[in-house]
Amino acid sequence: MTQRLGTFLGVAAALTALSACAGSGDRYPSLAIRDAERNTGQFTPALANTNQEAPVISRTDLSAIVSRASSAHDAFLALAPAARNAVESANGLSPENNNWAHAQVVLADLGTQRSETLLALGDLDLLEAKAATTFAPTNDIIEAQSRVRG
């Protein structure tokens, strides 16, 4: 009997809560489209912008980046034979040996020159991204990137 009474009270509470949702529609605004929300008039598209955006970097500055990369590459090529010789002379030696330490220093110098080239290429990549996001011309930057990669 108490179980039936509990069920009855639960159903009665649910019906009471449900009836609160069924209030009068006069109290709330309609969700129908209002006149102000309807599209009226004519849409005239804007004219295309014929002015091209200015480049994000001058050709002179772009050439300076390419020259910096070229100089670093030339320095890399100049150091490569000495690094090869130092590594061959240190092959199989322990880290306590002076030849091994010398080879490590020469390899570090070689890595530095390689990094300088990659930094210039990174600068060009950043410039390309900036130009692309501002709708500036990217042709010169892409050409400079291909020269540095070559």
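Select V66, A69, S70, H73, F76, Q113, R114, T117, R147, V148, R149 and G150, which line the largest pocket. A pocket here is an open set of points on a 1 Å grid over the protein atoms alone, where a 1.4 Å probe fits, with protein on both sides within 12 Å along at least five of seven lines; lining residues have an atom within 4 Å of a point. Rolling a probe the size of a water molecule over the atoms shows where empty space is left.

The volume of the largest pocket is about 210 Å³, counted as the space filled by probe spheres set on the points, with grid points joined across faces, edges and corners.

Now color by helix. Helices α2 (59-90), α3 (98-133) and α4 (139-149) each give the lining at least two residues. The largest share, five residues, comes from α2. Helices are DSSP runs (H or I, at least four residues), numbered from the N terminus.

Next, select T117. Where is T117 found? T117 sits in helix α3. T117 is buried, at a relative accessible area of 16%. Buried means under 20% relative accessible area and exposed means over 50%, with partly exposed in between (1.4 Å probe, protein chains only). Show its contacts (heavy atoms within 4.5 Å). Leaving out residues up to four places away in sequence, T117 touches A69, A72, H73 and V148.

Move on to F135. F135 lies in the loop between α3 and α4. Is F135 buried or exposed? F135 is exposed, with a relative accessible area of 70%. Check its backbone too: phi of F135 is near 60°, a positive value in a residue other than glycine. Most residues other than glycine have a negative phi.

Zoom out to the whole chain. The chain has four helices and zero strands. Of its 150 residues, 17% count as buried. Among contacts between residues at least 6 apart in sequence, 66% join residues at least 24 apart.

Last, color by pLDDT, the predictor's confidence in each residue, from 0 to 100. The chain averages 83, and 87% of the residues score at least 70. Among the elements, helix α1 (residues 2-21) has the lowest mean pLDDT (73) and α2 the highest (92). Where pLDDT is low, the predicted coordinates should not be read in detail.

Residues are numbered from 1 along each chain as its sequence is written, and side-chain values use heavy atoms, with hydrogens and water left out. Local features need pLDDT of at least 70, side-chain atom pairs count only at pLDDT 80 or more, and totals for chains, interfaces and linings use all residues.
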